[in-house]
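Me: Could you take a close look at the side-chain contacts here, the aromatic and the charged ones, and walk me through them in one connected account? Please give the cut-offs for the terms as you go.

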Amino acid sequence: MIIITGTPGSGKSTLLKPFSKEFIIINYGTIMFEIALKKGFVKNRDQLRKLEYEKQIKIQKEAAKKIASMKNKDKIILDTHAVVSTPKGYYPGLNKEALEILNPETLVFVYVPYSELKQRIKQDKSRTREEFLDKKKCDEVVEISKLFLAVYAVRCNAKIVWLDNSGPVGSAVPRMKEILE
């Protein structure tokens, strides 16, 4: 399993579209949202990160079990965030139980410069991400994500790949293809 992370607006989902026939691409947040919605914890996806930490841990673990039970686990690319920015601080995007269940072999961090990230977030009207329009906040999320990824890599004996997704849409696809080979 490969886990792909990055800040909101970094283009993870768009970057993965060309690989959707060869790989099973799963958005961890979507699975978590479905579980939280079914339990009546949230009404929209942006409320997920504002849930109490204990509920987030349970939902992460449940989502990890659901994903791990899927066929062809070696063909799964899991799209998620390394950290969850909440009003109370940063929580791991993958808590230790979820990480152990998923046991990825590669962790990819998708990066775009702040100037591009800001434009992408402003253009995406489907989500509420105003806090990431602040450069200081974005830089902080990137730095904290690097720290969390290092911990994830040590816990799973996984490698980390830094993927620059700056420039026109699709320009990082060849590098992503190399990572997947």
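Reply: A residue is called buried when its relative accessible area is under 20%, exposed when it is over 50%, and partly exposed in between, with a 1.4 Å probe and protein chains only. The model is a predicted one, in which local features need pLDDT of at least 70 and side-chain atom pairs count only at pLDDT 80 or more, while totals for chains, interfaces and linings use all residues. Residue numbers start from 1 along each chain as its sequence is written, and side-chain values use heavy atoms, with hydrogens and water left out.

I begin with the rings. Rings of Phe, Tyr and Trp (for Trp, its six-membered ring) are paired if their centres lie within 6.5 Å, and the pair is stacked if the planes are under 30 degrees apart, edge-to-face if over 60 and tilted for the rest. Across the whole structure, four aromatic pairs are found. One of these is the stacked pair of F109 and W162, with 4.9 Å from centre to centre and 20° between the planes. Helices (H or I, at least four residues) and strands (E, at least two) are DSSP runs numbered from the N terminus. Because F109 belongs to strand β6 (residues 106-111) and W162 to strand β7 (residues 159-164), this pair ties together parts that are 53 residues apart in sequence. Of the two partners, F109 is buried, at 1% relative accessible area, whereas W162 is partly exposed at 41%. F148 and Y152 make an edge-to-face pair, with 6.3 Å between centres and 75° between planes. Both sit in helix α6 (residues 135-156), and since they are four residues apart, about one helical turn separates them.

K55 is placed over the face of F41, 4.4 Å from the ring centre, and K75 over the face of F23, at 4.9 Å.

Among the charged pairs, a salt bridge is a side-chain nitrogen of Lys or Arg within 4 Å of a carboxyl oxygen of Asp or Glu, and the structure holds eight of them. One joins E62 and K39, whose closest N and O atoms are 3.4 Å apart. That bridge links distant parts of the chain, 23 residues apart, with E62 in helix α3 (residues 53-68) and K39 in helix α2 (residues 28-39). Both ends are partly exposed, E62 at 35% and K39 at 43%. Another salt bridge, at 2.9 Å from N to O, is formed by E100 and R155. Because E100 lies in helix α4 (residues 96-102) and R155 in helix α6, parts 55 residues apart in sequence are tied together by this pair; R155 is partly exposed at 47%. In D139 and K135, the closest N and O atoms of the bridge are 2.7 Å apart, and these residues, four apart in helix α6, are separated by about one helical turn. D139 is partly exposed at 35%, as is K135 at 43%.

Notes. A charge sits over a ring if NZ of Lys or CZ of Arg is within 6 Å of the ring centre and within 35 degrees of the ring normal.
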